[in-house]
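Grab your viewer and let's work through a few exercises. Try each task before you read its solution.

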Amino acid sequence: RAVAMSVSHSSRLNKLVREQYMRLPQDGKVQVTYVWIDGSGEGVRCKSRTLDKEPKSIEDVPEWNFDGSSTAQAEGSNSDMFLVPVSMFRDPFCLDPNKLVLCEVLKYNRKPAETNLRHTCKKVMDLVKDSHPWFGMEQEYTLLGINGHPYGWPDNGFPGPQGPYYCGVGADKVYGRDIVESHYKACLYAGVKICGTNAEVMPSQWEFQVGPCEGIEMGDHLWMARFILHRVCEDFGVVATLDPKPMTGNWNGAGCHTNYSTEEMRREGGLKHIEAAIEKLSKRHDYHICVYDPRGGRDNSRRLTGHHETSNIFEFSAGVANRGASIRIPRQVGQDGCGYFEDRRPAANCDPYAVTEAIMRTTVLNETGVDTKDYADH
């Protein structure tokens with residue numbers, strides 16, 4: 001009864017009845033679902049329209065618009081916002097030939113909305129394209145019942161202490177694997193570059209990894225993977241939260257560890273380029289903390305305590321195989337003398353466009369201090 005009460009009413013609707021309708025032919029028409037980031041900088045919204053034929057590329061998907069006053073992105077007196085398609089995926093919910101389309105949001109004057117961080121990220125990635133930056137981001141999240149309590153946890157109390165849950169197996173160690181496996185398959189079907197998943201240290205906490213992705217593709221694929229996660233959870237009647245510290249106390253928080261390399265770091269002798277990049281990052285710690293969560297570091301201050309496999313938010317540190325450092329160089333990379341490094345500071349609810357842009361500004365464009373350079377005229 002406790003488990004039944006923690007899932008949404010919609011998830012209990014008869015799915016066999018739904019399947020009857022989903023099997024109906026579409027008479028050559030195609031359903032396209034437009035997905036965008038709302039005014040919170042964390043939430044995703046979507047709406048669908050019919051096209052007369054299947055779009056073969058993003059250029060075949062027309063611009064659209066929506067009511068920005070209902071997404072905290074515009075005033076009611078001037079509320080129309082533009083949806084500009086930027087990346088297209090297969091639709092794992094309505095199946096082929098239907099599409100999911102990630103969009104940038106522009107205001108009435110065609111300038112980027114405040115939470116459209118893709119716009120400047122794309123400019124920066126175009127500038128640094130010759131360095132061929134690869135990223136892989138590890139998205140941690142926590143499953144909650146519809147009552148806001150971690151899914152599968154006792155109604156009045158807590159599960160046993162952390163230890164048996166990380167990469168765990170068994171009904172008493174992991175909760176919600178059906179959701180995780182459904183999300184994985186849905187991402188593969190969609191064409192999202194998901195590359196792995198595992199149960200995390202806190203029970204009901206999971207992680208999936210996206211990458212390697214080059215340049216702007218990292219943000220596009222992680223945002224679509226997040227949309228698919230929320231949509232899968234909707235079907236199962238639970239909630240996925242990206243809060244960096246969903247449970248206070250002796251429980252791990254949730255991050256979005258970011259693995260990064262340039263072409264010269266991946267080549268033989270690349271370790272010296274990795275160390276040079278880390279040196280640049282060490283001198284710009286405050287700037288990175290400010291952009292690594294949507295609230296200028298306030299969210300991360302609950303997570304980056306120096307405990308539970310985190311560094312202290314006020315100190316920069318780096319080390320080989322050290323999960324308590326700001327930057328971790330994997331042991332294999334130290335042995336090989338080339339490869340990549342991991343920035344462990346980004347929060348689970350970070351904007352991947354902001355994180356990848358910041359890393360490129362510091363390590364390739366050699367920016368310093370807390371101010372960023374405007375490359376609009378270059």
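Helices (H or I, at least four residues) and strands (E, at least two) are DSSP runs, numbered from the N terminus. The model is predicted, so local features need pLDDT of at least 70, side-chain atom pairs count only at pLDDT 80 or more, and totals for chains, interfaces and linings use all residues. Residues are numbered from 1 along each chain as its sequence is written, and side-chain values use heavy atoms, without hydrogens and water.

**Exercise 1.** Work out the helix and strand content over residues 30–110.

*Solution.* Start with the record: UniProt, in an unreviewed entry, lists residues 30–110 as "domain: GS beta-grasp" (such annotations may be inferred rather than shown by experiment). Next, the assignment gives 0% helix and 48% strand there. Finally, the end C-alpha atoms sit 28 Å apart.

**Exercise 2.** Find how E367 and R284 are paired, and decide whether they are buried or exposed.

*Solution.* First, check the distance: the closest N and O atoms are 3.2 Å apart, a salt bridge (Lys or Arg side-chain nitrogen within 4 Å of an Asp or Glu carboxyl oxygen). Then place the partners: E367 is in the segment after α11 (352–363), R284 in the loop between α7 (271–282) and α8 (285–291), 83 residues apart. Last, both are buried (under 20% relative accessible area; exposed is over 50%, partly exposed in between, 1.4 Å probe, protein chains only).

**Exercise 3.** Explain the spacing of R361 and E357.

*Solution.* Their side chains meet in a salt bridge at 2.8 Å, N to O. They are separated by about one helical turn because they're four residues apart in helix α11.
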